Amino acid sequence: MSNRSHLNGRELLMSISGVLLICFLIVHLCFNLSALFGEHTYNNVYSYISTHPGIQIISSLLGLGFILHILSAFFISAQQHYSKTKKAKREKGSFYDMLILGLIVLGFGGMHLAHFWHKTKLLQILGKTPENTPYELIAELFSQPLYVVMYLVWIIAVWLHLSYGIWNIFDTISSKKETQSQQFKHLKWISIGLSTVIAIGFAIIPLWFSIGLNNN
């Protein structure tokens, strides 16, 4: 099999895992937005999704897709780094930009989830009672201005990564004839639109708590 076939296979894997990652973000966003309806609603939603077997299986599959997406990114990055073809050299810069953005998203996203997880789920697994409810934890986090700023910067990185990534998924699964059509070019704006909706949704949560709307 040629190097190009290998690259296409990895790009396809990255696109499929990217779809799973987008699904993970949408599910996580829906859970986050439940905080706007108050402490009781948010804690009940958290209790439901953290104990429902079906949701746990789906979460594991989405998590696997996340891991595959990261591994695919590094494989393609290495492939393009050592490739001498004109196409690879032309795409190298934009892909490295996406890789750096992806690492920013991974780094802060991982830190945020770990901070939340080890004070809730991990304590429950160890048979201990968490000191704070899930709602109290996010209220505490988003009352810290520095953390809110870091979170908003992370959201911008997510938006940039998704804007290009979603469009690139369409590009990977489409034929050359389809990518040259006018209808296909509209998909770029759809990608930006969907990315913007997700980013705004995530930004609402820290702003909601930081300006004290949760106390009203």
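User: Leaving aside neighbours within four places in sequence, which residues is His28 in contact with?

Analyst: Happy to start there! Keep in mind that this is a predicted model. Once neighbours within four places in sequence are set aside, His28 is in contact with Leu113 and Phe202. His28 itself sits in helix H1.

User: Why is His28 called buried?

Analyst: Buried means under 20% relative accessible area. The value for His28 is 17% relative accessibility, so His28 counts as buried.

User: What does Phe202 contact, apart from neighbours within four places in sequence?

Analyst: Quite a list: Leu25, His28, Leu29, Asn32, Tyr151, Trp154 and Ile155. Phe202 also belongs to the largest nonpolar core, which has 28 residues, and there Phe202 and Phe142 touch the most other members.

User: Which elements give two or more residues to this core?

Analyst: They are helices H1 (3-33), H2 (39-51), H6 (134-141), H7 (145-173) and H9 (182-210). H7 gives the most, with 9 residues. As background, nonpolar side chains in soluble globular proteins tend to be buried together.

User: How do you know that the buried residues of H6 line one face of the helix?

Analyst: Let's look at which ones they are: Pro134, Tyr135, Leu137, Ile138 and Leu141 are the buried residues of H6. Viewed down the axis of H6, they fall within an arc of 160°, so they line one face of the helix.

User: What makes up the nonpolar patch on the surface?

Analyst: Leu13, Ile57, Leu61, Leu64, Ile67, Leu68, Leu71 and Phe75 form the patch, and together they have about 730 Å² of accessible area. Helix H3 (residues 53-82) supplies the largest share, 7 residues. Leu61 is placed in H3. To be included, a residue needs over 30% relative accessible area and no salt bridge.

User: How many helices and strands does the chain have?

Analyst: The chain has 9 helices and 0 strands. From the N terminus on, the order reads α-α-α-α-α-α-α-α-α.

User: What share of the chain is buried, and what share of its accessible surface belongs to carbon and sulfur atoms?

Analyst: Of the 216 residues, 32% are buried. The accessible surface comes to about 13,000 Å², and 70% of that belongs to carbon and sulfur atoms.

User: Among contacts between residues at least 6 apart in sequence, what share joins residues at least 24 apart?

Analyst: For this chain, that share is 74%.

Note on methods. Residues are numbered from 1 along each chain as its sequence is written. This is a predicted model: local features need pLDDT of at least 70, side-chain atom pairs count only at pLDDT 80 or more; totals for chains, interfaces and linings use all residues. Side-chain values use heavy atoms; hydrogens and water are left out. A nonpolar core is a set of buried Ala, Val, Leu, Ile, Met, Phe, Trp, Tyr and Cys residues joined through side-chain atoms within 4.5 Å. Buried means under 20% relative accessible area, exposed over 50%, partly exposed in between (1.4 Å probe, protein chains only). Helices (H or I, at least four residues) and strands (E, at least two) are DSSP runs, numbered from the N terminus. Contact means heavy atoms within 4.5 Å. Patches are made of residues with over 30% relative accessible area and no salt bridge: like charges are joined within 9 Å, nonpolar side chains (Val, Leu, Ile, Met, Phe, Trp, Tyr) within 5 Å. Accessible areas come from the Shrake-Rupley method with a 1.4 Å probe; for residues, only the protein chains shown count as cover. A salt bridge is a side-chain nitrogen of Lys or Arg within 4 Å of a carboxyl oxygen of Asp or Glu. The arc is that of the directions from the helix axis to the C-beta atoms.
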